Structures are given as structure tokens and as C-alpha cells.
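Let's take a walk through this model together. Have the sequence and the 3D view open side by side, and we can begin with charged pairs before moving on to nonpolar groups and loops.

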Amino acid sequence: MNKNIYWPWAIKNIVDIACFTALAVYFDRWWIALFAALFVSTLKTNIGNYRICDKCGKHSPHATTYNDAIDVAEAAGWIGEVIDGKRYDYCPDCKEELDAVCK
Ligand SMILES: [Zn+2]
């Protein structure tokens, strides 16, 4: 993940978890802490729309939705293929290597 995006995201998650934990302790309701998990996972899906190269693990550019992530990745030279219902993505570097192997 891009470090510039990751740090504010990580700090925000920590702040969220701390706030909800404080609320849970203050109101003596443990389940309030569960909302923190909800918030964290929402943030994750908002920011985690990118493809990961199945060969080298490189991340594609980020996008706001899953479908945008595929479009953005393909515009950046990535390729994706579906084998047995699972999607595989390859970055431009690995795509070249794969092409070389296939020829
Ligand atoms: Zn790669």
C-alpha cells in the first residue's frame, strides 16, 4: 500500500478504535467497541480498491470502487484474467515476463 495513503489511514483507525473503546468503557457497554470494527472495515473497503499483482505483489493505482480499480489498473498497463472463477492480476512488468514465456 502507498505509504502516503497508509499512514493517515492507520492513524485514523487507531483514533477510531481508541474513541470507541473509551465510549465502551465509559458507558460500560462492551458491544460499543464493535462499532469500531465496523468503521475500520468501512474505511478499508473505501481505500482498498486496487489490484495486487499475483506474481510480484505490486499494487495498482488506487480507485474509489472495485470496478474503477480494474479500469485504472488496465489503463496503467495491467492485465487481469479469470481462471476457474478466480481473478488473477499482473502488473505491466510481470505481464511482459508472461508474454515472453508464452511466445
Ligand atoms: Zn508484478
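With which residue does Lys55 form a salt bridge? In this predicted model, the partner is Glu97, and the closest N and O atoms are 2.7 Å apart. Lys55 sits in the loop between α2 and α3 (66–75), while Glu97 belongs to helix α4 (residues 92–102), so the pair ties together parts that are 42 residues apart in sequence.

Another one links the side chains of Glu74 and Arg87, at 4.0 Å from N to O. Here Glu74 comes from helix α3 and Arg87 from strand β2, so this bridge ties together parts that are 13 residues apart in sequence. Glu74 is partly exposed, with 42% relative accessibility, and Arg87 is partly exposed too, with 22%. Now follow Arg87 to its salt bridge with Asp89, where the N to O distance is 3.1 Å. Asp89 has a relative accessible area of 2%, which means that it counts as buried. Through shared partners, salt bridges join Arg51, Glu74, Arg87 and Asp89 into one network.

Let's turn to the nonpolar side chains. In soluble globular proteins, such side chains tend to be buried together. In this model, the largest nonpolar core has six residues, namely Cys53, Ala73, Trp78, Tyr90, Cys91 and Cys94. Pick out Ala73 in your viewer: beyond its neighbours within four places in sequence, Ala73 is in contact with Arg51, Ser60 and Trp78.

Some nonpolar residues are found on the surface instead. Trp30, Trp31, Leu34, Phe35, Leu38 and Phe39 form a nonpolar patch there, with about 690 Å² of accessible area together. Phe39, one of these residues, is found in helix α2 and is partly exposed, with a relative accessible area of 42%.

Finally, have a look at two backbone angles. Asp28 has a phi near 55 degrees, a positive value in a residue other than glycine. Asp28 is placed in the loop between α1 (3–26) and α2 (32–47), and its 63% relative accessibility makes it exposed. Asp84 likewise has a positive phi, near 50 degrees. The loop between β1 (79–83) and β2 (86–90) holds Asp84, which is exposed at 80% relative accessibility.

Note on methods:
Residues are numbered from 1 along each chain as its sequence is written. This is a predicted model: local features need pLDDT of at least 70, side-chain atom pairs count only at pLDDT 80 or more; totals for chains, interfaces and linings use all residues. Side-chain values use heavy atoms; hydrogens and water are left out. A nonpolar core is a set of buried Ala, Val, Leu, Ile, Met, Phe, Trp, Tyr and Cys residues joined through side-chain atoms within 4.5 Å. Buried means under 20% relative accessible area, exposed over 50%, partly exposed in between (1.4 Å probe, protein chains only). Contact means heavy atoms within 4.5 Å. Helices (H or I, at least four residues) and strands (E, at least two) are DSSP runs, numbered from the N terminus. Patches are made of residues with over 30% relative accessible area and no salt bridge: like charges are joined within 9 Å, nonpolar side chains (Val, Leu, Ile, Met, Phe, Trp, Tyr) within 5 Å. Accessible areas come from the Shrake-Rupley method with a 1.4 Å probe; for residues, only the protein chains shown count as cover.
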